[in-house]
Amino acid sequence: MTTKAVDEMAGVDPSAFANRRTDERVAARFEVRFAQTQDAARALRAYSLNISAGGLCLRTRKAYDVGAQVRLSMVIEGQEFHLNGVIAWVRDEAEAIGVRFTDMSDDDRARLQRVVDSFKR
């Protein structure tokens, strides 16, 4: 780190950089479709990089704004999911976005957790 960066970091709470995820992520690659026509056109093809019961990381060619609402459809290990989410982060250099699932039913969360667990075997 440069001296300037170190000086700027002085007094910053280290917990600000802690991993805020509560669910374990696993690497998984599958196609994700956006439910709204305008989002499908913006995303072109979107493929997952990893997933957890709480969200996923997608590689996409189009930029999204943090906080944007999305509706995703995907088939993972034979299980079909239609989930709402919010864009949690964007990494332009990697053409990747993080989606945190919202308004998920207990049944969908349990099904998704079983799928995630199957990737760990």
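Reader: Is K120 buried, partly exposed or exposed?

Author: Please note that this model is predicted. Burial is judged from relative accessible area, and values under 20% count as buried while those over 50% count as exposed. K120 has 42% relative accessibility, so this residue is classed as partly exposed.

Reader: With which residue does K120 form a salt bridge in which the closest N and O atoms are 3.0 Å apart?

Author: Side chains of opposite charge can pair when their charged atoms come close. Here the partner of K120 is E24. K120 belongs to the segment after helix 3, whereas E24 sits in the loop between helix 1 and strand 1, so the contact ties together parts 96 residues apart in sequence.

Reader: Which residues are joined with K120 into one network?

Author: K120 also forms a salt bridge with D117, where the closest N and O atoms are 3.2 Å apart. D117 is partly exposed, at 27% relative accessibility. Through shared partners, E24, D117 and K120 make up one network.

Reader: How many salt bridges does a search of the whole structure find?

Author: The search finds five. One of them links D108 and R111, at 3.0 Å from N to O. Both D108 and R111 are buried. These residues are three apart in helix 3, and therefore about one helical turn separates them.

Reader: In what sense do strand 5 and strand 6 pair?

Author: In a regular strand the side chains alternate between the two faces of the sheet. Strand 5 and strand 6 are antiparallel, with eight bridges, and M74 stands opposite F81. In their hairpin, two residues lie between the strands, and E77 has a positive phi near 50 degrees.

Methods:
Residues are numbered from 1 along each chain as its sequence is written. This is a predicted model: local features need pLDDT of at least 70, side-chain atom pairs count only at pLDDT 80 or more; totals for chains, interfaces and linings use all residues. Side-chain values use heavy atoms; hydrogens and water are left out. Two strands pair if DSSP finds at least two bridges between them. Helices (H or I, at least four residues) and strands (E, at least two) are DSSP runs, numbered from the N terminus. A salt bridge is a side-chain nitrogen of Lys or Arg within 4 Å of a carboxyl oxygen of Asp or Glu. Buried means under 20% relative accessible area, exposed over 50%, partly exposed in between (1.4 Å probe, protein chains only).
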